[in-house]
Structure formats: C-alpha cells, structure tokens
There are 2 protein chains.
Amino acid sequence: MTGIDGFWAVIPAGGSGTRLWPLSRRDYPKFLHDLTGSGQTLLRATYDRLEPLAGDRILVVTGAAHLDAVRGQLPMLARDAVVAEPSPRDSMPAIGLAAAILERRDPEAVLGSFAADHVVTDTEAFDRAIAEAVVLARRGDLVTIGIEPTRPATGFGYIRLGEALSVEGAPSARRVADFVEKPDADTAKDYVATGEYRWNAGMFVVGATTLLEMLAEEHPEMTSHLRTIAGDESRMRDLWPALRKIAIDHAVAEPAARAGRVSVVPAAMGWDDIGDFTSLSDLIEVSETVPGVKVIGPADDVISIDSTATVATGGRLIALIGVDDLVVVDTQDALLITRPERAQEVKKIVETLTAQGRLELT
Amino acid sequence: MTGIDGFWAVIPAGGSGTRLWPLSRRDYPKFLHDLTGSGQTLLRATYDRLEPLAGDRILVVTGAAHLDAVRGQLPMLARDAVVAEPSPRDSMPAIGLAAAILERRDPEAVLGSFAADHVVTDTEAFDRAIAEAVVLARRGDLVTIGIEPTRPATGFGYIRLGEALSVEGAPSARRVADFVEKPDADTAKDYVATGEYRWNAGMFVVGATTLLEMLAEEHPEMTSHLRTIAGDESRMRDLWPALRKIAIDHAVAEPAARAGRVSVVPAAMGWDDIGDFTSLSDLIEVSETVPGVKVIGPADDVISIDSTATVATGGRLIALIGVDDLVVVDTQDALLITRPERAQEVKKIVETLTAQGRLELT
C-alpha cells in the first residue's frame, strides 16, 4: 500500500471562482486552469500532491457539468473515484457524501479533504502536517491544518490556537480554541501580531465515520440521507436536492470545536487559495523579458514601455505604455482591467452580467 | 455645374497612422476607419464634405494597396477619379501628380487638397473658407487655411499671420509671414497667446498650373516627370520611384511663403487631424450609459465600476474596475492600454513589432 495506511484523499472540485473572472467561468472553473503557469491545472497539481500520501485512495467530488473535464485531467482515476453532485450544495454535503462512500469501502478510513483549486509550494511541509493530522484523526478528533499567516489577510477565516496536545506522532498538535470569521484589516493585524492565530485553509482530516457522527449531532437527517445515497446511487436524484446547502465549517467544525473535539496542526507550507488576482499575482515572478510585468501566458505576447502590471494573455498581443499597477486579464470574449486593491470586486462584474442575462460571459 | 466653378477637390488618402495602432494598420489605415463613431469612414466623410463644393470634380490619390478599399468606400467616383501611387513618396508627388492630371483636363483648374483622415465639425465655416481661398488662388497665390488654435497643441505646425490683404470676395485673407515647425509646449503657449498664429492643417488651395510652376522653381525635374506621367500613364512605372520623397510644405509652401506668394484664410471650423488617441478622445462624448467612459463601439460591450477611460471596443466585453484616465484599444489580434499623456508613443509599439518582423500585427 502506497502512502499513509488507511488514508483517503478527498478532493472537492467545485466553486465558481467569480473573483477570477474572466479566466474562471461557470463552465470552466478555476480548478481546471493552470493559473500559475506551472504547466498543470490546479486540479492535477492537487492530485499530484496527494498521490504520494494516498496512492489510489483518492476520491474527487465534482459537479455533474465538470465530470468529463475532471476525468480528462485525471485519466488514471478509476470510474468510481469520481463522484458527481447533481447540483452544488456547498462543502458539507460534498465531503459528507465522500465520507459515507468511504466508510462502506473501509470502516477505518481516515479522510483528508483538500480543495482542488489551492496551491501549496512546500510539499514536504504539507506531507509532515498531514501525517500528524492522521495520527490525531485516529484518536477521534476532527483535525484541521492551521496555515502560518504570511500577511494580515482579510480574505480568510482564522483559527485561534488552544492548548498544546501531547500526542505521540503529532508533536505540533494544538487544540482549536475557536474558528473566527474573515476579519477586517485591523483585526487581521492584531491576529497576526499575537502569533496565536492561523489561517483556516479549509483542510480537514477526520475519520469517515467520525465525521458522519459529528454531522449527525446537529444534522441527523443529512447523515442519514448521505449514507442512503452511498448505499444506493439511484437515491441521489431524490435525496440530494433536499440536502441543506451548508459549509463543513458551520455544520461540523465550529460545533465540534466548541465541544473541544477539534485539533489543529500548525504549518507553513506556501499555501494560497488564489482567491483573487492580487493573490494570483503574488504567486508569479516578474517576467525576465518584459521588465516590470508579471505575465501569465507567453511573454512574447506582451510589449511594455514604462509599465508595471500583472497580465494574463488571451492569445492576442497586449501593448502597455506608461501604465502602473494594473491587472489585465484577456480572454477570447472578455477583457478585465483593474487594480490589485480592487481585485475583490471582480465578482461584481459577474453579478452584473448575470443580472443582464449574459450568462455566456459568466 | 455644382459647387464652385472650376474648383477641383484632391483627396490624398495615405499615411500609416501608426499613432492610432492597433486600430490603424498598414493594410487598413486610418482613413478607412469610422474612428469617431459617425457612421462613416473618415474618407467618406471627407468626400461628403467636399462634394457640395466640387461636385464630381474630385480626385483621390491613394496607395495601390488601398485602391479597392477606396473604390468600395466611394463607389460614385468615375474610374479615372482614383489615382494609384505605386509607392508612397510623401505629399508633394501625390498632390503634384493630381495637379498635372487636372491641368490637362482644365487649364484653369483650381485645386484644393484635403487629407482623407481629418475631421471638420463646422462644415459651413469650412465652405466659407474654401470660397475665399479659391478667390485668392485665382490671383495666383498658393493659399492655405489657418485653423484657429483651441489649445497650445504641440502636434501641429503653425502659420504666422502676416498683413491683411484687401481682396474682394476674400475678406479674411492675410499674407503668410512664416510657416513654423511643431513647437514645444512653452513655445506653443506663446504662439496661442499672441493671437497671430494658426494651425497648419495641410490644406492648400492653388491653381493646378500655379502649383506646378512653383514646384518647378526648386524641383524642375519633378514637375517635368509629373507632367510626363499625367500625359502617359505607362511612364508611372519608371518615373514614379525616382521622385523625391518630400512634403508639399517643404517643396513649395515654405519657399513660396518666403517669396510672399502664400496667403492664408484664417478660420475656426472644428478641425482635427486625429493624430493620436488623445486627439481622438477629445472628439468623443462621455457615454450616457457607461458613466465616466468614452466608448468607441457599442456601449453595451463596456462595464465600468468607478473608472474613467476612453475605450475602443473590439467585439469582446471590456470590464473596468477602479482604473482612471486610461486609453484602451481592443482589436481582434492586439490590445493597447496607455494613458493620454503617452499617446504619442504608440508608434513605438509599431516600430518594435516591425523590428521583430511581426508585420502581421502592424
């Protein structure tokens, strides 16, 4: 058996990524893109990061519309390793269904859930953190990974660290004192200054049955429905649409933390969720051939005179003269020009287009 | 006979317009575009402005490569009303050839030469100025139109006004004291402050034979060659390439001014040469539906949040968020982003592309 004994990797491949419009689209979301120019899609890079830990014990949960694209990106996966959600119902149903499927295959299964559209640059640190998390999960904890903040980010929720745990094989482990919502800028600075907060990257490691039992405490009917679907796929059609749209954080992690059942492995691993173009820009180096410009795409497609910008090319030549600190994203049918400090507002364009009924552009 | 008796309009349709790249291209230059969104190309608008003055006495001189496009824009022109230059040799050979052709058709012909890619918004003022200019031309003068400056422009040459002339039918007429080159910003301010300078719009009105005789004084072989070609089109091939590349200003207007033979009709007529995107932007109103943005193209193709810009659309959606004072020009294969104060440098992009051998983009 390859990797960590009994460890299953679950990859929820969903999310609309509207803050990365016009790159990310409804029909072609963020995880199907090679946003950083690594040569791989984010989905494939996520798979490659997890394969050494989980071998062929990998389960992808994605929207029915993306099934073919996911299989195309991950042709090595067995047919039953990709599960299609008929409609998006947020992270709890997606991960809960994976847990229900996995406990049937392996009653001792420990699953780790990792979004298909995040990046991790320090794979060794990631591996070490997951190994510790699996040890903690086997004790019955819900385990999360707490990312060491590299800036006072306002785009992530935070985890407040509690007491250190003395667990063999998990020397970094701490209790989770609290999950806190995305802070404002001042609060974020305070969090980072204390040293007692970590970013909540939405990574959870937990026994499959443990997760479903934690879920049953507040949402017993959801646990029941997910187990029914896992046993009889034909029930997906009638039961799935009735499931409550809820994030795993609210459904399970926060209540479990209040009950003292959540532990955290703090780690620094070069993680980013590429939440918007500023975040994406931070992951890219300035071009060697186009001074002052970060280019996503062929550098030959950009000519710059006295300009600084992050430019995603879309197949045409892009000429910049005397412009500073722009974000330019070109695609076949849509062009975005904004500034890093306004990058969060990109989703408003998608909202406007949706309100106008121009869905072909979203 | 329609219009002004014996008056012929000559339209040199040439120029590369590299400062309007990527709209203006080698194969599709400025005069073939409807830059201002008037519904007409600049060439057709020029024709429409001249037709009331010249009727069917209109001659277009253009590059061989643009012959079909010119005929397509002006289908009403007779076959011999469009003359093709085998290669560009600047304005003197083009206008001189027109003069040589016209003096054969009408020995008393007075021609007026008007670039195919300028705009005039006050047609009545234009008509009045030309009527005065024809009167002066009949006296043997080379006549130019002096545009009243509306700003201390550095992109135009200036005409220094001399003594008032007392000519019946030409009450505004002044002698030209001097033609002066494009000034720097301070000099331009001084020119405008004195009230004694007018923009040189390159409009000349002159007897066809007068022009050729003035040309013969400094360039007798050019006059001779042009008359030979006008009499025998088959000589175009061997004689044209040998003609010196020279502007009418240097070849004739400046020497004639020194000899006191050039008069000027000062006028205000909403003229512009649309020399760059700043000049183009000045001709366009802010969109009623896209606040703060001047749109060249369908306004529906632009969505703006807190932005000011001049945007030429190219068939795709353009979304702006929090950007100020940009010039954005989108086309199928190239996108330009610059600022108004850098608009003159757009030609550097064309130079770079040419140096790179990427002529398909120029």
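User: How many salt bridges does the rule find across the interface of chain B and chain A?

Analyst: This is a predicted model, in which local features need pLDDT of at least 70, side-chain atom pairs count only at pLDDT 80 or more, and totals for chains, interfaces and linings use all residues. Residues are numbered from 1 along each chain as its sequence is written, chains are lettered from A and ligands numbered from 1 in the order in which they are written, and side-chain values use heavy atoms, with hydrogens and water left out. A salt bridge is a side-chain nitrogen of Lys or Arg within 4 Å of a carboxyl oxygen of Asp or Glu. Across the interface of chain B and chain A, the number found by this rule is two.

User: Which residue of chain A meets Asp306(B) in a salt bridge?

Analyst: The nitrogen and the oxygen of this salt bridge are 2.5 Å apart. The partner of Asp306(B) is Arg342(A).

User: How many residue pairs are in polar contact across the interface of chain B and chain A?

Analyst: A polar contact is a pair of N or O atoms within 3.5 Å; within protein, one must be able to donate a hydrogen and the other to accept it, and residues adjacent in sequence count only if both atoms are side-chain atoms. With both residues at pLDDT 80 or more, the rule finds 20 residue pairs.

User: How many residues on the side of chain B that touches chain A are nonpolar?

Analyst: Contact means heavy atoms within 4.5 Å, and it takes 36 residues from chain B and 36 residues from chain A. Ala, Val, Leu, Ile, Met, Phe, Trp, Tyr, Cys and Pro count as nonpolar, Asp, Glu, Lys and Arg as charged, and the others, Gly among them, as polar. On the side of chain B, six residues are polar, eleven are charged and the nonpolar ones number 19.

User: What area do chain B and chain A bury between them?

Analyst: Buried area is the accessible area (1.4 Å probe) that two parts lose on being put together, summed over both. Carbon and sulfur atoms carry 66% of it, and the total is about 2800 Å².

User: Which residue in β17(B) stands opposite Leu320(A)?

Analyst: Strands (E, at least two residues) and helices (H or I, at least four) are DSSP runs, numbered from the N terminus, and two strands pair if DSSP finds at least two bridges between them. Strand β15 of chain A, residues 317-321, pairs with β17(B) in the parallel sense over five bridges. Opposite Leu320(A) stands Ile337(B).

User: Which residue in β16(A) stands opposite Val311(A)?

Analyst: Strands β14(A) and β16(A) run parallel and are joined by four bridges. The residue opposite Val311(A) is Val328(A).

User: Is Asp306(A) buried or exposed?

Analyst: Asp306(A) lies in the loop between β13 and β14 of chain A. Its phi is near 50 degrees, a positive value in a residue other than glycine. Because its relative accessibility is 53%, Asp306(A) counts as exposed.

Terms used
Buried means under 20% relative accessible area, exposed over 50%, partly exposed in between (1.4 Å probe, protein chains only).
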